[in-house]
Amino acid sequence: MHERLCQSCAMPTAEDELLGTNADGTRNTKYCKYCYENGGFTSDCTMEGMVEICVPHMVSCGMDEETARKMLGDALPALERWAS
């Protein structure tokens, strides 16, 4: 079984309360509540901007900055929001 990840920032969203919301208030299973709310993205950033948003959060959880940047650099291009 694959872990459910936000298709914008790669945050695990196994817990439903971490899911974003559609315009009608229902849960959106593709995106987390930090990236997607009320049917739209909370930020119109680029993929590189998303890295800059996420790295400090990952560092605050104990990951070193270089590892966080590498992990995001590997993961984000494959996510639905950034793949094209």
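What does the cover of the buried residues of helix 1 include? The legends below take up this and other close-up views.

The structure is a predicted model, in which local features need pLDDT of at least 70, side-chain atom pairs count only at pLDDT 80 or more, and totals for chains, interfaces and linings use all residues. Residues are numbered from 1 along each chain as its sequence is written, and side-chain values use heavy atoms, with hydrogens and water left out.

**View 1. Buried residues of helix 1 and their cover.** Helices are DSSP runs of H or I with at least four residues, strands are runs of E with at least two, and both are numbered from the N terminus. M50, V51, C54, V55 and M58 are the buried residues of helix 1, where buried means under 20% relative accessible area, exposed over 50%, and partly exposed in between (1.4 Å probe, protein chains only). Their cover includes helix 2.

**View 2. The course of helix 1.** From first C-alpha to last, the 14 residues of helix 1 reach 21 Å, close to the 20 Å expected at 1.5 Å a residue; the expected span is 1.5 Å times one less than the number of residues. At C54 the helix bends by about 25°, and the proline P56 follows within four residues. The bend is the angle between axes fitted to the seven residues ending at a residue and the seven starting there. After helix 1 comes G62, with a positive phi near 105°.

**View 3. V51 in helix 1.** V51 belongs to helix 1 and is buried, with a relative accessible area of 12%. Not counting residues up to four places away in sequence, V51 touches R69, L72 and L76, contact meaning heavy atoms within 4.5 Å. N28 lies 23 residues from V51 along the chain, and their C-alpha atoms are separated by 22 Å.

**View 4. The largest pocket.** This pocket holds about 450 Å³ of space. C9, M11, Y34, C54 and H57 are the closest to its centre of the 19 residues that line it. A pocket is an open set of points on a 1 Å grid over the protein atoms alone, where a 1.4 Å probe fits, with protein on both sides within 12 Å along at least five of seven lines; lining residues have an atom within 4 Å of a point. The volume is the space filled by probe spheres set on the points, which are joined across faces, edges and corners. Helix 1 gives the largest share of the lining, six residues.

**View 5. T13 before strand 1.** T13 sits in the segment before strand 1 (19–21) and is buried, with a relative accessible area of 0%. Leaving aside neighbours within four places in sequence, T13 is in contact with R4, L5, C6, L18, L19 and C32.
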